[in-house]
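Here is a short tour of a few local features. Please keep the sequence and the 3D view open as you read.

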Amino acid sequence: MLNLTRIRRIYCRNAFCKWDSDAGLDITIMGANAFYSYRDQLEAHGLPLTPDSLAQLPPFSSITFNSDNANAAHCKPEVAKTGLGSSAAMTTAVVAALLQYLGVVNLSESAKGHHQDCNSVADLDLVHMIAQTSHCIAQGKVGSGFDVSCAVYGSQRYVRFSPEVLSSAQVAGTRALLQEVVVDVMEGKWDHEMDRFALPPRMTLLLGEPGSGGSSTPSMVGAVKKWQKSEPEKSVYTFTKLSEANSMLEKQLIKLRKLAEEQGMAYDSIIDRCCRHKSEKWTEQSITPSEQAVVEALLGARNAMLDIRGHMRRMGDAAGVPIEPDSQTRLLDATMDMEGVLLAGIPGAGGFDAVFAIILGDSSSQIATAWSSLNVLALPVREDPHGVSLEIGDPRLQEITSGISSANIN
């Protein structure tokens, strides 16, 4: 799976720690605009639904508040999530900032390269364990852990850990002390698998917000689990087929990366041609055997994604939840029928939150414009092989930190 929760390094979420000897530790959290829906603000300013319009908003804009409440003192923030793992990214950023501030880890070292140094890997592993634990305590359940792992390490192929490793975190605050929970988790057997993964060259991940309203991941997951118990044979069959389709997509993407390395000229030539045509015309673009191999892998990845979507729809129908709602199906089908689109789908647990597309060549701006005409806002996020890191050279850092002293977050 690809890391959909991070913009370049830690831009998605910034956490700052400041110690006051009288008041204690003050933590300010700032969320990047792409994590939430700002379409209301864009429409209020008469701006089109495009990434360029979103870029005109001030970085880390404040969320709006519900002023219709009769008692303004108790108004709640209006947060429209976009399904990019914002809670996991926030938890990871806060944990990393605290551990960095307290001198437990050194994230400046991990930011220098691809985290090959043993100390850097150990620091990231510690951030990962504590962030997974914190996220579990906050949500009151053990999730897949994929979004937290992505926030820590970057894009990856992921197989979840055994839920038992966080069993003590599920009773935190009831009969277990937090310190005991952390020690127990750190000494546990973390058996997850995490292999670095990235898109093949000349491909871009594009995220879109349809503006259909958010979906409740916990309730959807709960409905699927209930279906698994009520129809074990059908659910096992569906999950097996879904796993096979996921593996096939992974296989085709890996094959495309290999072809790009070994047959660079043929690969680039095909990408340049296919990005100007719909998928049914791709086979006509190949001339040599090497070019044909690239086209076959492209179509193989596309067909695998169609299989994934089909199994997800059947799972949703059986469980009675909109994993790929009809409105999203129409949008995804229209997207996959556009020139230069390799595949399209719904990230995470599905629902109405967001859609994604993998684009060939330099077709992203055309797809973003086409999405805008369909009332979909393309978000300025990209797949990133890097995970959490300490930002030092961000030109916005001075502006952000200068406003921290005046921020009052309760």
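Helix α9 passes helix α11 in a left-handed crossing. This comes from a predicted model, so please read every value below as computed from it. The axes of α9 (residues 232–262) and α11 (residues 289–319) come within 8 Å, and they cross at roughly 160°. Because angles over 145 degrees count as roughly antiparallel, α9 is roughly antiparallel to α11. As for the residues that form the contact of α9 with α11, 17 are nonpolar, five are polar and four are charged.

Next comes a residue of another helix. M265 lies in helix α10, which covers residues 264–274. Is M265 buried or exposed? Its relative accessibility is 75%, and because exposed means over 50%, M265 counts as exposed. M265 and E291 are 26 residues apart along the chain, and 9.0 Å separates their C-alpha atoms.

Now for the strands. β3 pairs with β4 in the antiparallel sense, and the pairing runs over four bridges. At Q156, the bridge partner in β4 is R196. Q156 also belongs to the covered face of β3, together with Y158, whereas R157 and V159 make up the uncovered face.

The elements named here, with their residue ranges, are gathered below for a quick look.

| Element | Residues |
|---|---|
| Strand β3 | residues 156–159 |
| Strand β4 | residues 193–196 |
| Helix α9 | residues 232–262 |
| Helix α10 | residues 264–274 |
| Helix α11 | residues 289–319 |

How values were computed. Residues are numbered from 1 along each chain as its sequence is written. This is a predicted model: local features need pLDDT of at least 70, side-chain atom pairs count only at pLDDT 80 or more; totals for chains, interfaces and linings use all residues. Side-chain values use heavy atoms; hydrogens and water are left out. Buried means under 20% relative accessible area, exposed over 50%, partly exposed in between (1.4 Å probe, protein chains only). Helices (H or I, at least four residues) and strands (E, at least two) are DSSP runs, numbered from the N terminus. Two strands pair if DSSP finds at least two bridges between them. Axes are lines fitted to C-alpha atoms, for helices over the stretch in contact, and angles run from 0 to 180 degrees between N-to-C directions. Angles under 35 degrees count as roughly parallel, over 145 as roughly antiparallel, 65 to 115 as roughly perpendicular and the rest as oblique. A crossing is left-handed if the near helix is turned anticlockwise from the far one by less than a right angle, and right-handed if clockwise. Ala, Val, Leu, Ile, Met, Phe, Trp, Tyr, Cys and Pro count as nonpolar, Asp, Glu, Lys and Arg as charged, and the others, Gly among them, as polar.
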